Amino acid sequence: MQGRNDASKWVDRARLERHLALTEEERAAISRAEQREIRLKPGEIPMAEGGTSHALFVVHCGWLHSAARLAAGGRQILRFHHAGDLIGTSSIAWSQASATLTAVSDCAVTELPKADLGQIFRQQPRLAGLLYAIAAAENVAMSDRLTSIGRKGAAERLTTLLLDILARLRVTAGGVIDSFDLPLTQSDIGMRSG
């Protein structure tokens, strides 16, 4: 946990504790599983679609996105990720990654190796249930986004995207925020909202 401080650890736990009050043992188990912090520059890929899915990632700072390849050769951005997000729950049961994770800005993430998650699941069943619930919520959110793409015009999709980002940032910020920096390009937004 190179370069980590107690404040950044608290932000990561705050997202989990929004759903479940963690015990000291559960917090300690998560801390033990956080193997290493990875610093990424824009465009760097810590996990590629079809590649090995060996870990989940917790975002400490910066923005990333998950994208899937399309049959025609393009890509569709599935989700933007920012501080406090847990990434990789959709691939937790699989050996291959279901999407490519790409840094959009300078960012830092911590790896949670799946091998260590197995131990957490055996020793901390409430955490296993919480991660399952988070993965299920991501699936529901993905269904909502797919419905949005099919039924809304471009302006409505963009508005929905910005409101979704704002709502998620408010959760990780611990309160109401009225504005945020958006490090996305027009291409990023177009591949996500359209």
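I began with His-65 and looked up its bridge partner in β6, which turned out to be Thr-102. I note here that I am working from a predicted model.

From that pair I went on to the two strands themselves, and I found that strand β3 (residues 64-69) is joined to β6 by four bridges, the two strands running antiparallel. Taking in the rest of the sheet, I recorded an open arrangement of three strands in the order β4-β3-β6, with antiparallel pairing. I placed β4 (75-81) and β6 (100-103) at the edges, where each has a single partner strand, so one side of each is left without a neighbour in the sheet. I also noted that neighbouring strands of this sheet are turned against each other by 30 degrees on average, with direction ignored.

Next I turned to helix α3, which spans residues 114-123, and listed its buried residues as Lys-114, Leu-117 and Ile-120. Looking down the axis of α3, I saw these buried residues fall within an arc of 100 degrees, so they line one face of the helix. On the face of α3 turned away from the buried side I found the exposed residues Ala-115 and Arg-122.

Last, I checked the surface for nonpolar patches and wrote down one of about 190 Å², made by Leu-158, Leu-162 and Leu-182. Of these residues I followed up Leu-158, which I located in helix α5 (residues 154-173).

Conventions:
Residues numbered from 1 in each chain as written. Predicted model: local features only at pLDDT ≥ 70, side-chain atom pairs only at ≥ 80, totals over all residues. Heavy atoms only, no water. Patch = residues over 30% accessible without salt bridge, like charges linked within 9 Å, V, L, I, M, F, W, Y side chains within 5 Å. Areas by Shrake-Rupley, 256 points an atom, 1.4 Å probe, with all protein chains shown as cover. Salt bridge = Lys/Arg side-chain N within 4 Å of Asp/Glu carboxyl O. Buried < 20%, exposed > 50% of the residue type's maximum accessible area, 1.4 Å probe, protein only. Arc of directions from axis to C-beta. Pairing = 2+ DSSP bridges. Axes fitted to C-alpha atoms, helices over the stretch in contact; angles between N-to-C directions.
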